[in-house]
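Subject: Structure handover

Hello,

Here is the structure for you to look over. My notes follow below it.

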Amino acid sequence: MREPVRVGLFGVGEIGGHIARFLMGKPGVTVVAAVDSDPAKVGRDLGEVLGTGKRLGVVVAVDAEKGLHGRGAQVAIHATGSYFRPAFAQLQSLVEHDINVVSTCEELAYPYLTEPGLAEELDGLAHRHGVSVLGTGINPGFLMDTVPIVLSSACSEIKGVRMKRVINASGRRRAFQKKVGAGLTPEEFAQALVDKTITGHVGLEQSIGLFGSAVSWELDGVQAGLPQPVIAAAPVYSPFMGVEAGQVAGMRQEAWGTRRGENVIVLEFEAYLGAPAEKDEVTIDGIPPIQLTVSPCVHGEPGTVGVVANAIPRVLAAPTGLVTVKDLPLPSAWLGELR
Ligand SMILES: NC(=O)c1ccc[n+]([C@@H]2O[C@H](COP(=O)([O-])OP(=O)(O)OC[C@H]3O[C@@H](n4cnc5c(N)ncnc54)[C@H](OP(=O)(O)O)[C@@H]3O)[C@@H](O)[C@H]2O)c1
C-alpha cells in the first residue's frame, strides 16, 4: 500500500469546505493542515468547522505560515477567490514551500489572458521548486473547456463552437442566488453592476482562451458581455427565497472569442430562478458537426468537488510549472489508489 496523499487546505469556505469533507472520507488521502482567514474558523478544529461531529486534530490557522507550511502537505487545495492577482501571494507561498497546488481560482484556469506576467512568474517559481500548479473546477476547468476540447478531437475542421449552460437557480444555495442578482429590482441590478457587487460569471474568458489555445486558434480578442438581468414574468418560489413578477430572477451573460473578425467561440451562461430546462450544451460547427447536450446541467458544487479532487493525482504526476487542464492527460474520476 502506498502512503496516503497529504493534502493541505487553503480556504475552507463554501467550496473548500465541500472538498474538505469529501477528502477527509477518501481512502488514500490525509488532510494535514487547514488555513482560512475567517475569524469564526481560526483556532477551531477542522472537523468542528465543517460540522462533521468529530475532531480531526487539524486546527484551522489564519495563514499558511502559521498552519500549513512544515506540515508535510504534498498538495494544497486552494479555494479563496476568483482573481489571480490577489491570490498570487498565496500561491507563491505554497510553491515556495514545495507544495503542488490545485486551485479553484477562475482566472488561474487560463491566466495568460488577464495576468501574463504573473503567470510567467508563477510558472518559473514552480519549475524552480519542482511542483505543479493548476487552476480548475467545474466551470472553468471542465464544462465549457475540457468537454468541448475533448469533443473537438473528433473534428478535422471547425468553423465555430458554442457552449451554453442553463442553471435553474431555484434549487441552489442562497449565496448563489444572490450572486446572480435574484430578488433585486432591475434598478438595483443595474447599480450592482456599477458597484461590482454583481460581476457575472468569472471564467468565461478563461474557457475561451483554453479552447482557442487547445485547437491552436490565434484569437483576435476575447470578451465577456455585461450580465443581463432576467426579469420574472410571474412569481417564482424556491426553498430559500421567492421573487415577485417584475423582480430580477437571475442573469444571462455571453462571451466571445473572435478570429479573423468572426465570433468563432461563443459562450452563453444563464442562471435564474425558474429556468425551465437546465442543460450544458456544446455545439461544434465542424466536420463532422457535433452536438452534445447534458440535461439537466451538471450541478456546480459536487461537480467542482469531483473535478478538483480528481485533479490531485494528475497534478502530482504533472510536469513542473503552471499547467492548465488542456496540458494534462485525459481527466477521469480517481476511485482507487494512486498509480
Ligand atoms: N472553477 C470553478 O468551477 C469554481 C467552482 C466553485 C468555486 N469557485 C471559486 O472558488 C473560490 C472559493 O469559493 P467559495 O464558494 O468557497 O468562496 P467562499 O465561501 O467565500 O470561501 C472562501 C474562503 O477563503 C477564505 N479566504 C479568503 N482569502 C483568504 C486568504 N488570503 N487566506 C486564507 N483564507 C482566505 C475566506 O475567508 P473570509 O470569509 O475571511 O474572506 C473564506 O472562508 C471562489 O472564488 C469561487 O468563485 C470556482
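**Cavities**

The largest cavity holds about 70 Å³ of space. A cavity is a set of points, on a 1 Å grid over the protein atoms alone, where a 1.4 Å probe fits but cannot get out. Points are joined across faces, edges and corners, and a volume is the space filled by probe spheres set on them.

Before the rest, please note that this is a predicted model: local features need pLDDT of at least 70, side-chain atom pairs count only at pLDDT 80 or more, and totals for chains, interfaces and linings use all residues. Residues are numbered from 1 along each chain as its sequence is written, and side-chain values use heavy atoms, with hydrogens and water left out.

Lining residues have an atom within 4 Å of a point. For the largest cavity they include Leu143, Met144, Val147, Asp280 and Leu292. Strands S7 (157-168), S14 (279-287) and S15 (290-294) each supply at least two residues of that lining. Strands here are DSSP runs (E, at least two residues) and helices are too (H or I, at least four), numbered from the N terminus. By class, the lining of the largest cavity has seven nonpolar, no polar and four charged residues. Ala, Val, Leu, Ile, Met, Phe, Trp, Tyr, Cys and Pro count as nonpolar, Asp, Glu, Lys and Arg as charged, and the others, Gly among them, as polar.

The second largest cavity has a volume of about 50 Å³. Phe176, Lys179, Val180, Gly200, His201, Met251 and Phe269 line it. That makes four nonpolar, two polar and one charged.

**The largest pocket**

A pocket is an open set of points with protein on both sides within 12 Å along at least five of seven lines. The largest pocket has a volume of about 1,000 Å³. It is lined by 35 residues, and the closest to its centre are Ile15, Ser82, Glu106, Arg173 and Lys179. H1, S7, H7 (174-179) and H10 (300-317) each give two or more residues to this lining. H7 gives the most, with four. The lining divides into 10 nonpolar, 16 polar and nine charged residues.

**The ligand**

Where does the ligand sit? It takes up the space of the largest pocket; the test is that more than half of its atoms lie within 2 Å of the grid points. There are 24 residues around the ligand, and Ile15, Asp36, Ser82, Thr104 and Glu106 come nearest. Near means that a heavy atom of the residue lies within 4 Å. The shell has six nonpolar, 13 polar and five charged residues. Helix H1 (residues 14-24) gives the largest share, three residues.

- Ile15: a backbone N or O atom is 2.7 Å from a ligand oxygen atom.
- Glu14: a polar backbone atom is 2.9 Å from a ligand oxygen atom.
- Gln90: a side-chain N or O atom is 3.1 Å from a ligand nitrogen atom.

The protein covers 72% of the 930 Å² of accessible area that the ligand has on its own (Shrake-Rupley method, 1.4 Å probe).

**Backbone**

Most peptide bonds are trans. The bond joining Asn139 and Pro140 is cis, with omega about 15°. Pro140 lies in the loop between S6 (132-135) and H6 (146-152). The bond from Ile287 to Pro288 is also cis, with omega near -10°. Pro288 is in the loop between S14 and S15.

Regards

Key. Polar contact = N/O pair within 3.5 Å; in protein donor to acceptor, adjacent residues only side chain to side chain.
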